[in-house]
Amino acid sequence: VQVEESGGGLVQAGGSLRLSCTASISIFSIHVMGWYRLAPGKERELVAAIMSTVTTYYPDFVKGRFTISRDNAKNMMYLHMNSLKPEDTAMYYCAANPPGLGTYTDFKDVWGQGTQVTVSS
């Protein structure tokens, strides 16, 4: 199983970006998909997750600004990011069945290569 992100870039503070993630298998069959980010000098953090039940999870620092969604017909998962701040600057990773968010019977812990998001002030 492989996942691949796209859609990062440079944006001014207050702007928006949409990240996309596709998988080598049907995302409909993936129990949990998530977006994580890693900034220099910081630990990796979860920014959004979506379950096969379409239940979503957001940490407080992105609530109201980020929206995660999945389009099973297009085999895509998205992260819509609005009101971006300079502190959102990071490498963003798509993950399939990531650790800590569920119990998986088929595969787990699949990560993409990341896409860079840079927010200028």
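## Salt bridges

A network of salt bridges links Arg37, Glu45, Arg65 and Asp88. A salt bridge here is a side-chain nitrogen of Lys or Arg within 4 Å of a carboxyl oxygen of Asp or Glu. The structure is a predicted model, in which local features need pLDDT of at least 70 and side-chain atom pairs count only at pLDDT 80 or more, while totals for chains, interfaces and linings use all residues. Residues are numbered from 1 along each chain as its sequence is written, and side-chain values use heavy atoms, with hydrogens and water left out.

The count of salt bridges is four. In one of them, Arg37 meets Glu45 with an N to O distance of 2.7 Å. In another, Arg37 pairs with Asp88, and the closest N and O atoms are 2.8 Å apart. Arg37 lies in strand β4 (residues 32-38) and Asp88 in the loop between β8 (76-81) and β9, so this pair ties together parts that are 51 residues apart in sequence. Strands (E, at least two residues) and helices (H or I, at least four) are DSSP runs, numbered from the N terminus. Lys63 and Asp60 also form a salt bridge, with 3.4 Å between the closest N and O atoms.

## Exposure of the charged residues

Relative accessible area sorts residues into buried (under 20%), exposed (over 50%) and partly exposed (in between), using a 1.4 Å probe and protein chains only. Arg37 has 6% relative accessibility and counts as buried. Asp88 is buried as well. Glu45 is partly exposed at 27%, whereas Asp60 is exposed at 64%.

## The disulfide

One disulfide is counted, a disulfide being a pair of cysteine sulfur atoms within 2.5 Å. The disulfide joins Cys21 to Cys94, with an S to S distance of 1.9 Å. Cys21 sits in strand β3 (residues 17-23) and Cys94 in strand β9 (residues 90-96), so the pair, 73 residues apart, links distant parts of the chain. The link is left-handed, with -65 degrees about the S-S bond. Both Cys21 and Cys94 are buried.

## The nonpolar core

A nonpolar core is a set of buried Ala, Val, Leu, Ile, Met, Phe, Trp, Tyr and Cys residues joined through side-chain atoms within 4.5 Å. The largest has 30 residues, and Trp35, Leu79, Met81 and Tyr92 have the most contacts inside it. At least two residues of this core come from each of β3, β4, β5 (45-51), β7 (66-71), β8, β9 and β11 (115-120).

Leaving out residues up to four places away in sequence, Leu79 touches several residues, among them Leu17, Trp35, Val47, Phe66, Ile68 and Tyr92. Contact means heavy atoms within 4.5 Å.
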